[in-house]
Number of protein chains: 2
Amino acid sequence: MSAVPTGVVNVGADLFADAVEAQATSVTRVDWRPPMPRTEADLAAVAADPLRRDANNRALAAMLGVTAQLVDVVPAAEALGLAPGQFLHAGPPITWDRASGPLRGALMGGAALEGLVDDPEDAAALFESGNGVSLEPCHHHATVGPMAGVVTSSMWMFVLEDPATGRRTHCSLNEGLGKVLRYGAYSPDVLVRLRWMRDVLGPLLQRAVRTVRDGAGPVDVTGIVTQMLQMGDEAHNRNRAGTLMLLRDLSPAMVTSGLDAADVAESLRFIGGNDHFFLNLAMPACKLALDAARDIDGSTMVVAMARNGTDFGIQVAGTGDEWFTGPAQVADGLYLGDYGPDDANPDIGDSAITETAGIGGFAMATAPAIVRLVGGSVPDALATTRRMHEITLGENPRWTVPVLEFQGVPSGIDVTRVCRTGILPQINTGMAGRVAGVGQVGAGLVNPPAEIFPMALARLAERARARA
Amino acid sequence: MSAVPTGVVNVGADLFADAVEAQATSVTRVDWRPPMPRTEADLAAVAADPLRRDANNRALAAMLGVTAQLVDVVPAAEALGLAPGQFLHAGPPITWDRASGPLRGALMGGAALEGLVDDPEDAAALFESGNGVSLEPCHHHATVGPMAGVVTSSMWMFVLEDPATGRRTHCSLNEGLGKVLRYGAYSPDVLVRLRWMRDVLGPLLQRAVRTVRDGAGPVDVTGIVTQMLQMGDEAHNRNRAGTLMLLRDLSPAMVTSGLDAADVAESLRFIGGNDHFFLNLAMPACKLALDAARDIDGSTMVVAMARNGTDFGIQVAGTGDEWFTGPAQVADGLYLGDYGPDDANPDIGDSAITETAGIGGFAMATAPAIVRLVGGSVPDALATTRRMHEITLGENPRWTVPVLEFQGVPSGIDVTRVCRTGILPQINTGMAGRVAGVGQVGAGLVNPPAEIFPMALARLAERARARA
């Protein structure tokens, strides 16, 4: 697959063409790219599928029609029916023996949080034995999880709802950066923080979210994402403005919750000090939108991209719940402290649901300051958003990029366009340490393994041929 | 002065040149502009002044070296020694007989707030008589005021301090948009809000600001401006991210203030619902920086631009406290509701101190969403920041524009460059209704009257000749 171009293509030429376009001169782009190897027959079969055009129109419209409201905060036991010993994780299905360091670390910490073991180190034997423990993807339980994405029964979950259908998605509360469970850390301070979130932050947020919901109406998560994109956030690795708007919307009800003022102040400081807090609302909002496009026969639109630290998987609207998987790649980016490329685990987390919905790496143009975190240059960031329009079905009229004259973000990744152009989706991501217990080592840019798109295309072609 | 170009110049050509530059091709800009009429001799005299270069270097460095911290919130009586009957206003000095509608309306409301009259309508006779009332510019009292800028003795003031020198500047608390005193409205709801700010919001902010100051250290106003510019604010007509960061920094101490939880919640809602709240911190931060550059003999740098609704005035580092004034212009922009150009008062307010310090209209490139409020297009916004670099002495290394590859904002308006190029400073501004009592009617783009720059240049030349 090394012949497939994965980097930034034609930046200079794109900028030049953009400037010409801005002057209202007609311009035709001529940068033809070869299709991915051995995809011609499948591309032809899918192109001839009479269902395809309408199916893709419906899939895109379904995704763009969803709005997400924050309607509750409840423990996973209640929201998802999880029992102690049931563990959810990011990405496609995986077993302990193939799990990467950061996923193992997060599972070990989660087992200690649930009281299954006293010392997280003892949990490795538990997961090896499989006695009384199970692993399932978040995505199989209307849930998404950043990085390792481990969810256990006592963790508090944001509950998002589409008011038009009542459908719901879920995500845990964000712990912050550095040494945190989702990056595979499980030291005592990680568990102390998780217990404080369980005992103090979760109950307080539940009261505030319910008060707001029953008063002025639920927090409009989709609306906050709309505003974030005007405020330098791309809602994957920059969530600063989103976090502050959430605080704005919840803080009055936190103050009048009746809970201890010191606990309220500490919670305000915790959320205000964690620029990523809103990520755990952006992600389930994206999943809620994309789930509306599932199971549309003939549609070539990607409805999930997710990584478990070992495998990168996608699901497609026209192929049901099947995962198309390949090896997760290591991101190219900037490292914290003395960490370097040898310390980084391959790509992990459900957070690529943001790119699947057109934000994150797809909206880098609206968040040029992101390059200071994930690397690259400002012209690269602008060119990336432009380039993603070449592999997507349309634009989001609600989520726009001011500096691109309010163009909608590129939305609805089309498997056929990816295969036809060789352009891979661009993902911004955090990087977890390869070794269980380390935590975050950096942030960077990464792509899916190229071969999973021809795999999905082959299945789409097979189904089209079977219907013909 | 109609020969002086005041609009957006060479937008298309600028964009084209930018794209070429981005591709690292050498490019020479050839858009020579004629100097302002009858300025040649004064330009030559100032160019020959041996003090000029060093004086401008010192003025720019002095301005860029200042950081502003929020150290207190106290009533104007205490902060500035104002007695009831003493009124501060925006812009250069003016008397009641020449005051515009919105300034008169704000003074009338202020008189009622201070109990000098029961009905604001009765205050007109009081100001006409001049008995027991006085008007002075905010700028003469280490203060800046947005729009009418009326400050009375009982109003609570933000107190900003430069930690290196202990110098201080002040600004009142922002009331929100629409029908508010600073836009000339004085209806009962305006006075109810001002009394709530006096009785509830001010005391609460005083406790919170003092707690933060004495604990983790004062709120870093300059640092928040730095972040805002990465978050789509230009800190004059967009202060959304700044307001949210202020809330983040103050809300924990508001919660533990010991004041009534319902009042704290109401104050959080008030600030969170007013995207302009931070403007009243950005403005005195800019004045604190610019005041450091006052009284530097030979410097041609502008240290204040301010409007009282009738006159637009500037002060210059090398000419002491002298105001150079001309008629304030009506902004070109977007109107609220059914209002139109005939309803708008000429330009008013001290808020052009933001442009004087390199933000606001000078930083439009970092806030492209601003065009939805003030009008114009995104390419105009980018071109405006580029153009302002042609009339400024340097760049601010702290305040940068991500989309322009982190270039510093254009800083230190140079009277000689303005006269030499005919390019006028670009100001983003709110528009007040022409009639006292109306309030805000829109927002738009405006320039100073061109003739005040040759006036200032003439005085600089006179002083240079006198020294020669």
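**Figure 1. Three-stranded open sheet of chain B in the predicted model.** The strands follow the order S10-S15-S14 and pair in the antiparallel sense. Strand S10 (332-335) and strand S14 (427-432) of chain B form the edges, and each of them pairs on one side only. From one strand to the next, the twist averages 25°. S14(B) and strand S15 (residues 440-446) of chain B run antiparallel and are joined by six bridges. B:Gly430 has B:Ala443 in S15(B) as its bridge partner. Strands of a sheet pair through backbone hydrogen bonds, in either a parallel or an antiparallel arrangement.

**Figure 2. Packing of helices H2 and H16 in chain B.** Helix H2 (residues 40-47) of chain B packs against helix H16 (residues 452-467) of chain B at an angle of about 50°, and the axes are 8 Å apart. At this angle H2(B) is therefore oblique to H16(B). The two helices cross in the left-handed sense. H2(B) contributes B:Asp42, B:Leu43, B:Ala45 and B:Val46 to the contact. These residues meet B:Leu457, B:Ala458, B:Leu460, B:Ala461, B:Ala464 and B:Arg465 in H16(B). Sorted by class, the contact of H2(B) with H16(B) holds eight nonpolar residues, no polar ones and two charged ones.

**Figure 3. The two domains of chain A and the side of domain 1 that touches domain 2.** The domain assignment divides chain A into domain 1 (11-19 + 33-65 + 294-467) and domain 2 (69-283). Their C-alpha centres are 24 Å apart. Contact between the domains involves 46 residues of domain 1 of chain A and 45 residues of domain 2 of chain A. On the domain 1 side, at least two residues each come from several strands of chain A, including strand S7 (302-308), strand S8 (311-316), strand S11 (348-349), strand S12 (392-401), strand S14 (427-432) and strand S15 (440-446). Helix H12 (353-356) and helix H13 (371-374) of chain A also supply at least two residues each. This side of domain 1 of chain A consists of 22 nonpolar, 19 polar and five charged residues.

**Figure 4. Four-stranded open sheet of chain A.** Antiparallel pairing links the strands in the order S9-S8-S7-S11. Strand S9 (324-327) and S11 of chain A are at the edges; each has a single partner strand, so one side of each lacks a neighbour in the sheet. S7(A) and S11(A) are antiparallel and pair over two bridges. A:Asn308 is located opposite A:Ile348 in S11(A).

**Figure 5. Hairpin of strands S12 and S13 in chain A.** S12(A) runs antiparallel to strand S13 (residues 407-413) of chain A, and five bridges join the two. A:Thr400 has A:Gly408 in S13(A) as its bridge partner. Between S12(A) and S13(A) there are five residues. In the turn, A:Glu405 has a positive phi of about 55°.

**Figure 6. Helix H8 of chain A against helix H9.** The axes of helix H8 (residues 221-228) and helix H9 (residues 240-255) of chain A cross at roughly 135° and come within 9 Å. This angle makes H8(A) oblique to H9(A). The crossing is right-handed. On H8(A), the contact residues are A:Ile224, A:Val225, A:Gln227 and A:Met228. Six residues of the contact of H8(A) with H9(A) are nonpolar, two are polar and none is charged.

**Figure 7. Helix H8 of chain A against helix H11.** H8(A) also packs with helix H11 (residues 279-291) of chain A; their axes come within 10 Å and cross at roughly 110°. H8(A) and H11(A) are therefore roughly perpendicular to each other. The crossing of H8(A) and H11(A) is left-handed, whereas that of H8(A) and H9(A) is right-handed. A:Val221, A:Thr222 and A:Val225 in H8(A) meet A:Leu281, A:Ala282 and A:Ala285 in H11(A). The contact of H8(A) with H11(A) comprises five nonpolar residues, one polar residue and no charged residue.

Methods
Residues numbered from 1 in each chain as written. Chains lettered and ligands numbered in written order. Predicted model: local features only at pLDDT ≥ 70, side-chain atom pairs only at ≥ 80, totals over all residues. Domains from an automatic or database assignment. Contact = placed C-beta atoms within 7 Å. Nonpolar A, V, L, I, M, F, W, Y, C, P; charged D, E, K, R; others polar. Pairing = 2+ DSSP bridges. Axes fitted to C-alpha atoms, helices over the stretch in contact; angles between N-to-C directions. Parallel < 35°, antiparallel > 145°, perpendicular 65-115°, else oblique. Left-handed = near helix turned anticlockwise from the far one by under 90°.
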